[in-house]
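Here are my notes for you, written as numbered points. Keep the model open beside them and look up each residue as you read.

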Amino acid sequence: MSYECPHCKSENTNKLSISYENGLTQVKTRTAGIGGLLGLFGPAIGVGLVRTRGTHQTGTSLRATPPRKKSFIKPFILSFIVGCLANLAIAFYSASAALKGNVTTEVFLLVLSVYLFYTWHFNSRVWPKQMAAWNGLFICNRCGETFTPGR
Ligand SMILES: [Zn+2]
């Protein structure tokens, strides 16, 4: 079932999620190169065999990328960095000797708990709504407009 594009009125539209699936193509290429180079002290020949394997996405597919869940690894790394920086800042700026303890762990745990809560909240409450909205999106194959039918 297709809907009319609200922008250019074309009926050449389809679900954005289908465009995304179609745009994901497996790429397996093999490149062989023989290069001759005439240097100052004689010729040098280089032979190169390069193998590339990966996922290639078309332009439309890249724009159609679904919303992603947040990683639970990032909070740990970022909180640790913040903890170290806080410790450095206190050691550097504080005149009071009493404050010059090691605050890395305290700051790390504080930032981590807030960040983990935020990540959990996003993944369990915000992301499902974004995903549902994304699943309802259509894309116009003529002008590239993305839209929700009936809005
Ligand atoms: Zn259009």
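1. Let's begin with Ser 19, which counts as buried because it has 20 C-beta neighbours inside 10 Å. A residue is called buried if 20 or more other C-beta atoms lie within 10 Å of its own, exposed if 12 or fewer, and partly exposed in between, with C-beta atoms placed from the backbone. Ser 19 is found in helix α1. Leaving out residues up to four places away in sequence, Ser 19 touches Asn 14, Thr 60, Ser 61, Ala 64 and Ile 139. Touching, or being in contact, means that the C-beta atoms of two residues, placed from the backbone, lie within 7 Å.

2. Before going on, a word on what you are looking at. This is a predicted model, where local features need pLDDT of at least 70, side-chain atom pairs count only at pLDDT 80 or more, and totals for chains, interfaces and linings use all residues. Residues are numbered from 1 along each chain as its sequence is written.

3. Which residues of α1 are buried? They are Leu 16, Ser 19 and Tyr 20. Seen down the helix axis, the buried residues of α1 fall within an arc of 100°, so they line one face of the helix. The arc is that of the directions from the helix axis to the C-beta atoms. Ile 18 and Glu 21, on the other side of α1, are exposed.

4. Now find Thr 65. Trp 134 is 69 residues from Thr 65 in sequence, with 9.1 Å between their C-alpha atoms. Thr 65 sits in the loop between α2 (59-63) and α3 (73-93). Is Thr 65 buried or exposed? Thr 65 counts as exposed because it has 12 C-beta neighbours inside 10 Å.

5. The largest nonpolar core has seven residues: Cys 5, Leu 16, Tyr 20, Ala 64, Phe 138, Ile 139 and Cys 140. At least two residues of this core come from each of α1 (16-23) and β4 (138-140), and β4 gives the largest share, three residues. A nonpolar core here is a set of buried Ala, Val, Leu, Ile, Met, Phe, Trp, Tyr and Cys residues joined through C-beta atoms within 7 Å.

6. Not counting residues up to four places away in sequence, Cys 140 touches Cys 5, His 7, Cys 8, Ser 10, Asn 12, Thr 13 and Glu 145. Ser 2 and Cys 140 are 138 residues apart in sequence, yet 9.6 Å apart in space, C-alpha to C-alpha. Ser 2 lies in the segment before β1 and is partly exposed, with 14 other C-beta atoms within 10 Å. Lys 9 also lies in the segment before β1 (13-15). The phi of Lys 9 is near 65°, a positive value in a residue other than glycine.

7. On to α3. Its 21 residues, at 1.5 Å a residue, should span 30 Å, which agrees with the 31 Å between its end C-alpha atoms. The expected span is 1.5 Å times one less than the number of residues in the helix. Pro 75, Ser 79 and Gly 83 are the buried residues of α3. They cover an arc of only 70° around the axis, and so lie on the same side of α3. These buried residues pack against α4 (104-135). On the other side of α3, the exposed residues include Ile 73, Lys 74 and Phe 92.

8. Stepping back, the protein has four helices and five strands, in the order β-α-β-β-α-α-α-β-β from the N terminus. Helices (H or I, at least four residues) and strands (E, at least two) are DSSP runs, numbered from the N terminus. Of the 151 residues, 9% are buried.

9. Finally, please check the confidence, or pLDDT, which the predictor gives each residue from 0 to 100. The mean pLDDT of the protein is 79, and 74% of its residues reach 70 or more. Confidence is lowest in strand β2 (residues 24-39), at a mean of 47, and highest in α4, at 94. Over residues 27-50 the pLDDT is below 50.
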